[in-house]
Amino acid sequence: MISLQGVHKTRGRYRLEIGDLRLGAGERVALVGPSGCGKSTLLDLLALVLAPDAADAFTLELEGSVQDVAGLWRGRRLDRLAALRSRHLGYVLQAGGLLGFLDVRGNIRLPRQLLGLADDGGVERLAAALDVSDQLDKRPAALSLGQRQRVSCARALAHAPALLLADEPTAALDPVNAERVMQLLLRQAEAHRVTCIIATHDETLARDAGLRVLRMHCRRDADGGVIATLGQAA
Amino acid sequence: MRPLLIAGLAWQDYRTDARLSACAVLALVAVIAPLLVLFGLKFGLIGSLTERLQRDPGVREVIPLGGGRFTADFITGLAARPDVAFAIPRTRQIAATAELLLPAQGRGVTVEMLPTAPGDPLLDGAVAPDAVDLRDVVLSFTAAEKLGAHPGDRLQASFNRQRAGEVQWRQTSLHVRAVLPLAAFERDALFAPLALLEAAEDYRDGRAVPALDWTGELPAGSAARVYPAFRLYARTLEDVEPLRQFFAERQLLVSTQAAQIAQVQSLGRNLDLVFWIIAALAVAGAVAAVAAGAVAAVERKQRELAVLRLLGFGTAALLLFVVLQALYSGLLASGLAALLYALAEHGLNRLFMQVPGEYAAHLLPMHYLVALLAVLSASTAAAALGGWRVARIDASQGIRDV
């Protein structure tokens, strides 16, 4: 489903190099590694919000057709990338990334509205599954961090995406809440047969959740810059 | 792109930021409301002055000075001009007086006789005398008042002349068709068909008047008739000056109120210029304020806009989001400014205007519509100008902080 070969991205003195990354449909993996080793950069590349500087191959297989992401970036097909993002991707951000001017219901419903999909009761079902049913009419500012993360998970899954990306979704939570959010997220991802890539610095949590772990490494080059690479499956 | 969804989202964000939105609205009201008052004053005052001039037919009258010799054909040619509303020959002033008597009341009055016909602006909408019946007349208000006459009454009219030191008289009966309102003509006057004035003139000149069974030393029609003057009214205020020029080119001296009309028109033009200079400065300031507001909005909402971009909003959709919020400000500001203007208009008109139909400040529905469209256009252009920064919003940067 996901294939990256020879993908490079440089930001200042930081350089991410992905030699080879292939993930099949429905696979669930965790990106682990210390802070600043490129987990978020890799997620942003996969979320189609960050253009690679170079790529031998960068493709996503979505609904049976292969999308040449590297080619779309080269051709500056930004609207096409936005459309792919809107239809096929769900992204759980570290701090929730909820829109403050919408209530919880509006936040969860928004990805479906953008696709012109009718509300089939999925918003309420997801809210119930993620235990935020009684928060639907509240604004994000009125929620706890854990509740925001669960609403963010619901929003990321509302439009049944093919690929779910989560950037440190439990980083700001206490261990009990972290495990709860992770379990709820993965249960929903499994129920919807979504390919999952979750960035976390908590390898134990990832392993306990049954995720295949991919470890990211950092090293210094001769000029003092940082080079981040993706290691083999641990 | 789903414009309705974007409009809904933009509105919800606009409402959430109520205080900042109110500031944007008030900043626009501060520009629009004074402009509306200024334009209302200009339109109201100049409109009322022009209306006042337009209402008084005397302002549009072109009066020939000195003794002229005009043929009926020449005056008919004048009447046919598109810039002339009404033209009719006048007989000699000395032959254009009559003494009227209402036998039932026993009162008499000497009046000036004015030739008239359908379309005469001095009749102020009253029915004109029957052109075929030279005994059918219209009385001015003061003449009717002095005689105690009413429409339908019959009057005795006397015309005199001097022959070898002897005063001679001829009388005829006249039918009062209508009485003019006082405002239409304030002197003692008799509006009659031209034929009656020609008859009076012929009698004074010693010619026979068969239509009234008056005999004379000379037969009727013994000389080709020429007229010393005419009554002529321009169709509009703007037509007065060209008509004056027309007569001046023919060496015919006329008296007009062209200078007074030009004064009002010049005042209108000068106020126009002042208004547009102020409007241009104010609109430039408003455009700058809206553009700066859009730049600030993009900066302030960078995180939310980054999330929207992550969810699939393209640059055009994000720009629409920003522009729509400027349009909401424009709409609300237009409504509030119109309300404030209406209050100001009411106050100004109560304070300065006593005559019904005249205004110190006045706007037509079309003016409100034009103002609304101008505000929305300027808001859209300014917000689009400032909002172009959304193209620079990098979702991968913005989403890290939300």
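Helix H9 (residues 315-352) of chain B packs against helix H10 (residues 365-387) of chain B at about 150°, with the axes 8 Å apart. (Axes are lines fitted to C-alpha atoms, for helices over the stretch in contact, and angles run from 0 to 180 degrees between N-to-C directions; helices are DSSP runs of H or I with at least four residues, strands are runs of E with at least two, numbered from the N terminus.) H9(B) and H10(B) are therefore roughly antiparallel, a label for angles over 145 degrees. Residues on the H9(B) side include Leu319(B), Gly330(B) and Ala338(B), and among those they meet in H10(B) are Tyr368(B), Val375(B) and Gly387(B); contact here takes C-beta atoms, placed from the backbone, within 7 Å.

A word on the source: this is a predicted model, where local features need pLDDT of at least 70 and side-chain atom pairs count only at pLDDT 80 or more, while totals for chains, interfaces and linings use all residues. Residues are numbered from 1 along each chain as its sequence is written, and chains are lettered from A and ligands numbered from 1 in the order written.

Now the strands. Chain B also has a closed six-stranded barrel, S3-S4-S8-S5-S7-S6, with mixed pairing; strands pair if DSSP finds at least two bridges between them. From one strand to the next, the twist averages 45°. S5(B) and S7(B) pair in the parallel sense over four bridges, and Leu139(B) sits opposite Val179(B) in S7(B).

Helix H5 (residues 194-204) of chain B lies across these strands, at about 100° to S8(B):

| Strand | Residues |
|---|---|
| S3(B) | 97-102 |
| S4(B) | 107-116 |
| S6(B) | 154-163 |
| S7(B) | 166-179 |
| S8(B) | 189-193 |

Methods:
Two residues are in contact if their C-beta atoms, placed from the backbone, lie within 7 Å. Angles under 35 degrees count as roughly parallel, over 145 as roughly antiparallel, 65 to 115 as roughly perpendicular and the rest as oblique.
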